[in-house]
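The sequence and structure come first.

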Amino acid sequence: MAGPLPVGDPAPADGALPRDLAIDPTADFGVYLHVPFCRVRCGYCDFNTYTATELRGVRQDSYAETLSGEITLARRALTDVGALRPASTVFIGGGTPTLLPAGDLARMLGDVRDSFGLMPGVEITVEANPDTMTADVADTLAAAGVTRLSIGMQSSVPHVLAALDRTHNPENVATAVATARAAGLAVSLDLIYGAPGESLDDWIQSLESALAQDPDHVSAYALIVEEGTPLHRRIRRGELIAPDDDLQADMYEAADARLGAAGYDWYEVSNWARTPANRSQHNLNYWRSQDWWGFGPGAHSHVGGLRWWNVKHPAAYAQRLAAGDSPAAGRERPDASASTLERVLLESRIREGLALDRVPSASRVAVAGLIADGLVEASDALRGRIVLTLRGRLLADAVVRALLP
């Protein structure tokens, strides 16, 4: 289960936004649509997701209609403060979005299109479990405007999938990729490394299996054991061994080497793309602190320097919207110090790097040391940008600490 919501100021019941927001009409506007349903909760997952037994009083077949209520509210709120603009990216995530009928996902996209409009060349991504993809689903999504499928592969090794509580058949990854390709969709494969019992050879096998599918994009995330998850409890009881930091570093280096040799360039610490056009523009919006509205239970939003977050449980979310109220549970305006921390933390992770003038002046003296330690590219620093080396990507948190007062 996801952790508690942040502590912030109360959000108004009507969903109105402050009229003094720092609106940048040229900023990209992303839309995130959260589908909180899963057949099985993976042991490592702390996302805001729910299985059928946890959803008493909530109907999946009415979820698209419920979400439509928040889209209507958002259009009104953005219009009132002059912040309404077409969406540059749309991302449907979860959970397992493809547990819903493809027609429901198409309806949600239709509501976004009707309420906000879509920029030319908009990137529209749907996350998918390999076991849920069929030709009919892929064709329906493509007809609705989806451009990209993000497939949760995680691993190709059965005992690693079992350690993660992943129930999909690894052989279905190739089928899902072929199905997406036949519908004209770009493909991203999501991998996780460092699971209990996973060896370096296991990880390399998963990398090679992923590359054999010739995806447009690969995400590879180190397993993080989140407190309160079933995986955390099993490790605490001694049933499983915690991930090893040194082994995960070796796995990251193996991923970067093999992906690089296959023609993929890193553009964020955990993401590689075949070409710049294949990068996840939606996630880049997050890392660049652009604007987005997150729809659905527990979703977070950011517009004009204001952040807010929705109530977590789907039943509470539906009840608020049925009453004509905003589902927002709280909101905040980060101060200058918090905004600087966030920019350094996020922008230092991407290939284009962090502008040196974003670094607090008192911390700029640390850059020379970071270069000497092989953590930051010297040539980029001379041009006024902080760009991580391979070693720097492995020690990104240490770089961030050095760049902050």
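## Helix 1

Helix 1 has 18 residues and should span 26 Å at 1.5 Å a residue, which agrees with the 26 Å between its end C-alpha atoms. The expected span is 1.5 Å times one less than the number of residues. Helices (H or I, at least four residues) and strands (E, at least two) are DSSP runs numbered from the N terminus. The model is predicted: local features need pLDDT of at least 70 and side-chain atom pairs pLDDT 80 or more, while totals for chains, interfaces and linings use all residues. Residues are numbered from 1 along each chain as its sequence is written, and side-chain values use heavy atoms, without hydrogens and water.

Among the buried residues of helix 1 are Tyr-63, Leu-67, Glu-70, Ile-71 and Leu-78; buried means under 20% relative accessible area, exposed over 50%, and partly exposed in between (1.4 Å probe, protein chains only). The buried residues pack against strand 1, helix 2, strand 9, strand 10, strand 11 and helix 10, with contact meaning heavy atoms within 4.5 Å.

## Cavity and pocket

On a 1 Å grid over the protein atoms alone, a cavity is a set of points where a 1.4 Å probe fits but cannot get out; a pocket is an open set with protein on both sides within 12 Å along at least five of seven lines; lining residues have an atom within 4 Å of a point. Grid points are joined across faces, edges and corners, and a volume is the space filled by probe spheres set on the points. The cavity is lined by 15 residues, with Gly-15, Leu-17, Trp-308, Ser-326 and Ala-328 nearest its centre. Strand 11 gives the most to this lining, three residues.

The second largest pocket has a volume of about 480 Å³. Its 19 lining residues include Arg-343, one of the closest to its centre, and helix 11 gives the largest share, five residues.

## Salt bridges

There are 15 salt bridges, each a side-chain nitrogen of Lys or Arg within 4 Å of a carboxyl oxygen of Asp or Glu. Arg-343 pairs with Glu-347 at 2.6 Å between the closest N and O atoms; both lie in helix 11, four residues apart. Arg-343 is partly exposed at 24% relative accessible area, whereas Glu-347 is buried at 8%.
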